[in-house]
Amino acid sequence: MLSRHQDPIIAIATAPGRGAVGIVRVSGPQLKPWADAFCGKFLQARQAHYLPFNDDKGDPIDQGLAIFFPGPHSYTGEDVLELQAHGGPVVLQLLLSRCLEAAQQINATTGTAYLPNLRLAAPGEFTQRAFLNDKIDLAQAEAIADLIDASTGAAARSASRSLAGDFSKEINTLRDGLVHLRMLVEATLDFPEEEIDFLQKADAQGQLDRLQAQLVKVLARTQQGALLREGIKVVIAGQPNAGKSSLLNALAGAELAIVTPIAGTTRDVVQQTIQIEGVPVHVIDTAGLREGEGIDEVEKIGIQRAWEQIAGADAVLFLHDLTRQHLPEYVQADTQIQETLTTQIPHGVTLLHVWNKCDIATDDQGASGIRDAETVINLSAKTGQGIEQLRTKLLEAAGWQPVAEGLYLARARHVQALERVQAHLEMADAHLRAQAQSLDLLAEELRLSQSALNEITGEFSADDLLGVIFSSFCIGK
C-alpha cells in the first residue's frame, strides 16, 4: 500500500446498504482538472455545487452535490472530491464506475488521460494518507477507527478526545522531556572527565525521576483508556441449573438465553455486550459444568467450549445455588469445579463467587465454605437483588478507576509500548545511579525509551505495523 500512495484513489465512503445520502470520495494529487471535467463546471474550493452526475452518454445517473477540497487543506492532505448522491447501493456503484471511466478520458490540454492510475482505495487508505501527509499522527488515526467502532457513549467521547490530540499531547510531552535528558547524557559522553559533575549540575537524576513519575500517570490513564475501548470478557460458569442464563438475562436486561429447569438447556456459548459506567462488558453464558453419565455428545461439546471460554476470560463468575449448597453431591461437584478452575484460569484473572437464588433460600442457607467478602456476592437473578453490587465488583475486578479529567481512548499496543518505556527508564535509573561506569548504557536505554514512545504516534513505525493498523479500517475511510 505504501509504495502506491501517490496514486489517486476512489471509494464509496458511506456504509453499505440504503440511506438518504451516499458519498463517493476521490483523493490524489492534481485532481482539479479531472474534477472540473467530470462535473462539467469549475468547482469553487470548499463550496457545494448542485449538479447532475451523468453517464458516458450524457444521461443523468443522479443529481447531487459536488465539493472540492484542494490540498493540503483537506482530510488526506491531497486534493479531495466528494460526490454526494442518493444513498442507494446501485446508484453509488454506477457513480463509482463512471468516475473510473472518466479518469481514463483524454485531457485536451495535455493529450493524456486525466487520471490514468485512479484505483479503488484499500481499507483505511484515506486515513493512511492523512497520516503520511502529517495531517494526523498514528494515535489520532487509530482514534478515527475507534470512534467509528465505539460501542458505548463514553468510548465515543473518549475516542473523540484522542482524535483531538489529547493522548498525543501527553506522549509528546514525555518525549520532549526524554529528548532533553538524552541530549544531556549524549553531550557528557564527549567529555568523560566532566560527565558526573555536568549531569549533577543539570539535575539529570531529578529529570529522570520526574519523567518516571509522569509516565506512571500516563500509563494509568492509558490502561483505563484501553479498558474503555476493549472492555472486559466475563464468563459465567457453574453447575447446571445454578441460574447462569438467568444471570445473563438479568445483567443484559433482556431475555437473551433460554431458561428452563431442565439440566443441560444451554448447549452453546451465548454472549451479550452490556455497558457498566460506559465500560463494555462482554458477558458470556456457558453450558453447565458437570461430569458422569447422562451427558450426550452435544452437551459434552458445550462443556468443552465453556472451559475454552473460561481460559480466555478477564473475570470468571463461579455461580453457586444457595438452595442446594446443603446437598453433599452438589458441594462435591462444586469442589471439583473449583479445583479445575484453579488450574484453568490464567494468572491475574479474577474469580468471583456468586451465590444465586437468595430470594428463595432459607435463613440457614448461606455461602458456606467461602467467606471472603471481597470475592463473594449473594444475589437473585430473578428479582435483581445484588445485581448492582455485582456490576460494581466487575469494574473493580477489571481495574476500572474513573478519573476526574476527560479520559482518552487507547489501545493495547499503546499500553505495551508505555510498559516498555517504563522498563527502559527503570534500567536507565539504575545506570545513572551507577554514574560514570554506565553512561553509555544509560544513553542506550534512553534511546530505546524514545523509540518505544515514537511507535505510539508513528514518528517511527515499521511498514508492517502500519499495514496491520490501517487494514482494520472500513473502505472509504
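Biologist: How many aromatic pairs are there by the ring-centre rule?
Modeller: The count comes to two aromatic pairs, where rings of Phe, Tyr and Trp (its six-membered ring) pair if their centres lie within 6.5 Å. This is a predicted model, in which local features need pLDDT of at least 70, side-chain atom pairs count only at pLDDT 80 or more, and totals for chains, interfaces and linings use all residues. Residues are numbered from 1 along each chain as its sequence is written, and side-chain values use heavy atoms, with hydrogens and water left out.

Biologist: Which residue lies over the face of Phe42?
Modeller: Lys32 does, at 3.6 Å from the ring centre. The criterion is NZ of Lys or CZ of Arg within 6 Å of the ring centre and within 35 degrees of the ring normal. Arg25 lies over the face of Phe126, at 5.4 Å from the ring centre.

Biologist: Turning to Ser74, is it buried or exposed?
Modeller: Ser74 counts as buried because its relative accessibility is 9%; buried means under 20% relative accessible area, exposed over 50%, and partly exposed in between (1.4 Å probe, protein chains only).

Biologist: Where is the place of Ser74?
Modeller: Ser74 is in the loop between strand E4 (60–69) and strand E5 (79–87), strands being DSSP runs of E with at least two residues and helices runs of H or I with at least four, numbered from the N terminus.

Biologist: What does Ser74 touch?
Modeller: Not counting residues up to four places away in sequence, Ser74 touches Phe69, Val80 and Lys135, with contact meaning heavy atoms within 4.5 Å.

Conventions
Rings of Phe, Tyr and Trp (its six-membered ring) pair if their centres lie within 6.5 Å; planes under 30 degrees apart count as stacked, over 60 as edge-to-face and the rest as tilted.
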